[in-house]
Amino acid sequence: AQSVTQLDSQVPVFEEAPVELRCNYSSSVSVYLFWYVQYPNQGLQLLLKYLSGSTLVESINGFEAEFNKSQTSFHLRKPSVHISDTAEYFCAVSDLFGSEKLVFGKGTKLTVNP
Amino acid sequence: DAGVIQSPRHEVTEMGQEVTLRCKPISGHNSLFWYRQTMMRGLELLIYFNNNVPIDDSGMPEDRFSAKMPNASFSTLKIQPSEPRDSAVYFCASSLRGTGQGKTQYFGPGTRLLVL
């Protein structure tokens with residue numbers, strides 16, 4: 001069975017500062033990894049995903065995440081955040097085979113202050 | 001393409017009443033998931049279907065909750081009778097298995113349920 005740990009429940013930063021949201025997973029098999037974003041009063045939107053190939057994946061709005069198999073991590077980074085990035089971010093994992101379920105972390109609330 | 005559609009978007013009801021939440025998955029998707037989100041418990045998977053068949057309902061809290069998927073384009077989640085502790089945001093998500101998308105789930109906007 002998989003599990004996901006998001007170490008920080010809340011991350012406050014100033015606008016234009018860099019940010020890293022941490023995600024560690026546990027699995028005995030190969031995995032797919034996801035980051036979802038939830039803006040206030042909205043559903044979850046896929047931000048980026050790692051399926052295979054390059055371990056560095058990017059989103060269209062400047063976020064990137066790197067799959068590190070040895071450290072079982074998939075941290076999300078952005079070099080310069082905007083006020084509009086304020087949202088809750090969820091890391092999720094699924095194994096390559098078997099169940100269709102995604103296992104989600106508890107989320108990290110990112111607040112970008114002016 | 002239309003995303004996952006959920007109705008109603010908001011529901012306010014009184015304790016003891018029946019509540020029915022509806023979901024239309026993305027056309028062509030063959031897996032459907034029902035989640036519940038609360039401040040206390042976060043995001044919880046209630047049940048999921050594959051090809052209209054319930055595969056895992058271990059997250060359904062109790063017999064008051066039931067879910068059906070009569071066809072590939074429609075699913076319902078019913079709570080009867082409803083209780084104040086059922087107040088939450090309920091999300092539906094869908095995915096397409098076996099296409100190289102790696103089990104990516106696409107979420108609807110949610111139904112915000114308040115049971116008084």
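This is a predicted model: local features need pLDDT of at least 70, side-chain atom pairs count only at pLDDT 80 or more; totals for chains, interfaces and linings use all residues.
Which loop of chain A holds Asn41(A)? Asn41(A) sits in the loop between strand 5 and strand 6 of chain A.

Asn41(A) has a positive phi, near 60 degrees, although the residue is not glycine. Its relative accessibility is 60%. The cut-off for exposed is over 50%, so Asn41(A) counts as exposed.

Glu16(A) also has a positive phi, near 75 degrees, and is likewise a residue other than glycine. Glu16(A) belongs to the loop between strand 2 and strand 3 of chain A. Its relative accessibility is 61%, so Glu16(A) counts as exposed. Most residues other than glycine have a negative phi.

## Cis peptide bonds in chain B

Two proline positions in chain B deserve a look. The peptide bond from Ser7(B) to Pro8(B) is cis, with omega near -10 degrees. Pro8(B) is in the loop between strand 1 and strand 2 (10-13) of chain B.

Gln80(B) and Pro81(B) are joined by a cis peptide bond, with omega about -10 degrees. Pro81(B) falls in the loop between strand 8 (74-79) and strand 9 of chain B. Most peptide bonds are trans.

## The interface

Chain A and chain B each put 22 residues into their contact. The two chains bury about 1,800 Å² between them. Carbon and sulfur atoms carry 52% of that area. Seven residue pairs are in polar contact across the chains, both partners at pLDDT 80 or more. On the chain B side, strand 4 (31-38), strand 5 (42-50), strand 9 (88-95) and strand 10 (106-107) each supply at least two residues. Strand 4 of chain B gives the most, with four residues. By class, this side of chain B has nine nonpolar, nine polar and four charged residues.

Two salt bridges link chain B and chain A. One of them pairs Asp95(A) with Lys103(B), with the closest N and O atoms 3.1 Å apart. This pair runs from strand 10 of chain A to the loop between strand 9 and strand 10 of chain B. Asp95(A) and Lys103(B) are both buried.

## Salt bridges within the chains

Over all chains, the count is 13 salt bridges. Side chains of opposite charge can pair when their charged atoms come close. In chain A, Lys78(A) pairs with Asp85(A), with the closest N and O atoms 2.8 Å apart. Lys78(A) has a relative accessible area of 6%, so it is buried. Asp85(A) has 3%, so it is buried.

In chain B, Arg64(B) and Glu62(B) form a salt bridge at 2.8 Å, N to O. Arg64(B) is buried, at 10% relative accessibility. Glu62(B) is partly exposed, at 27%. Both residues belong to a network of salt bridges that also takes in Glu83(B), Arg85(B) and Asp86(B).

## Nonpolar cores

The largest nonpolar core has 28 residues. Those with the most contacts inside it are Leu33(A), Trp35(A), Leu47(A), Leu48(A), Phe74(A), Leu76(A) and Tyr89(A). Among the elements giving two or more residues to this core are strand 5 (31-38), strand 6 (44-50), strand 9 (73-78) and strand 10 (87-95) of chain A. Another core lies apart from it, with 21 residues, including Val19(B), Leu77(B), Ala88(B) and Leu113(B).

Leaving out residues up to four places away in sequence, Phe74(A) touches Cys23(A), Leu33(A), Trp35(A), Leu48(A) and Val57(A), among others.

## Two positions in chain B

Gln6(B) lies in strand 1 (residues 5-7) of chain B. Its relative accessibility is 5%, so Gln6(B) counts as buried. Which backbone atoms does its side chain reach? One is the backbone oxygen of Tyr90(B), at 3.0 Å. Another is the backbone nitrogen of Cys92(B), which lies 3.0 Å from a polar atom of the Gln6(B) side chain. Beyond four places in sequence, the residues that Gln6(B) touches include Arg22(B), Trp34(B), Phe91(B) and Gly108(B).

Val53(B) lies in strand 6 (residues 53-56) of chain B. Val53(B) counts as partly exposed, at 44% relative accessibility. Its C-alpha atom is 9.9 Å from that of Asn30(B), 23 residues away along the chain.

Key
Residues are numbered from 1 along each chain as its sequence is written. Chains are lettered from A and ligands numbered from 1 in the order in which they are written. Side-chain values use heavy atoms; hydrogens and water are left out. Contact means heavy atoms within 4.5 Å. Buried area is the accessible area (1.4 Å probe) that two parts lose on being put together, summed over both. A salt bridge is a side-chain nitrogen of Lys or Arg within 4 Å of a carboxyl oxygen of Asp or Glu. A polar contact is a pair of N or O atoms within 3.5 Å; within protein, one must be able to donate a hydrogen and the other to accept it, and residues adjacent in sequence count only if both atoms are side-chain atoms. Ala, Val, Leu, Ile, Met, Phe, Trp, Tyr, Cys and Pro count as nonpolar, Asp, Glu, Lys and Arg as charged, and the others, Gly among them, as polar. Buried means under 20% relative accessible area, exposed over 50%, partly exposed in between (1.4 Å probe, protein chains only). A nonpolar core is a set of buried Ala, Val, Leu, Ile, Met, Phe, Trp, Tyr and Cys residues joined through side-chain atoms within 4.5 Å.
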